[in-house]
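Biologist: Can you put the model up? I'd like to go through it with you.

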Amino acid sequence: MMKLERSLNAWGTSEFEAVFKQEVAQFADQLPLQEGLSIGSHVTQGRIAVVIRGVSEERGLIRVRAGIFYESVIGGCSCDGDPTPVSENTEYCELQFGLDKASGATVVALLPEDQESNSSL
């Protein structure tokens, strides 16, 4: 389980968003990005960009809805003369993070595409 302790420590300060973005980027390999693919077939190991879409607090939880920009590739057969060039595609998905205010333990869920634009925290 992911623990966003630095984000928890920054909660309520002007630094929260910056700390959250940086900390989430460090846990990119633990995010459900593969499930959020819409163009490619595999997530690359490149950098991600985090955009905070909303933040709320309720019953011991800090909820953050964030848009994630990342890269994917479409895997080819890697055969000699394969006409499919390996090129990166820009992907986007929205995730909801639930940070436990006592421990920093964080649950992450992929928001369905139909809820990305219209969901509330």
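Modeller: Here it is. The chain's accessible surface comes to about 7,000 Å² (Shrake-Rupley method, 1.4 Å probe; for residues, only the protein chains shown count as cover). Of that surface, 48% belongs to carbon and sulfur atoms. This is a predicted model: local features need pLDDT of at least 70, side-chain atom pairs count only at pLDDT 80 or more, and totals for chains, interfaces and linings use all residues. Residues are numbered from 1 along each chain as its sequence is written, and side-chain values use heavy atoms, with hydrogens and water left out.

Biologist: Which residues have the most contacts inside the largest nonpolar core?

Modeller: Phe20, Ile48, Ile68 and Phe97 do, in a core of 23 residues. Such a core is a set of buried Ala, Val, Leu, Ile, Met, Phe, Trp, Tyr and Cys residues joined through side-chain atoms within 4.5 Å. Buried means under 20% relative accessible area, exposed over 50%, partly exposed in between (1.4 Å probe, protein chains only).

Biologist: Which strand gives the most to this core?

Modeller: β4, with 5 residues.

Biologist: New topic. Where is Ala102?

Modeller: Ala102 sits in the loop between β5 and β6 (105-110). Ala102 is exposed, at 75% relative accessible area.

Note on methods: Helices (H or I, at least four residues) and strands (E, at least two) are DSSP runs, numbered from the N terminus.
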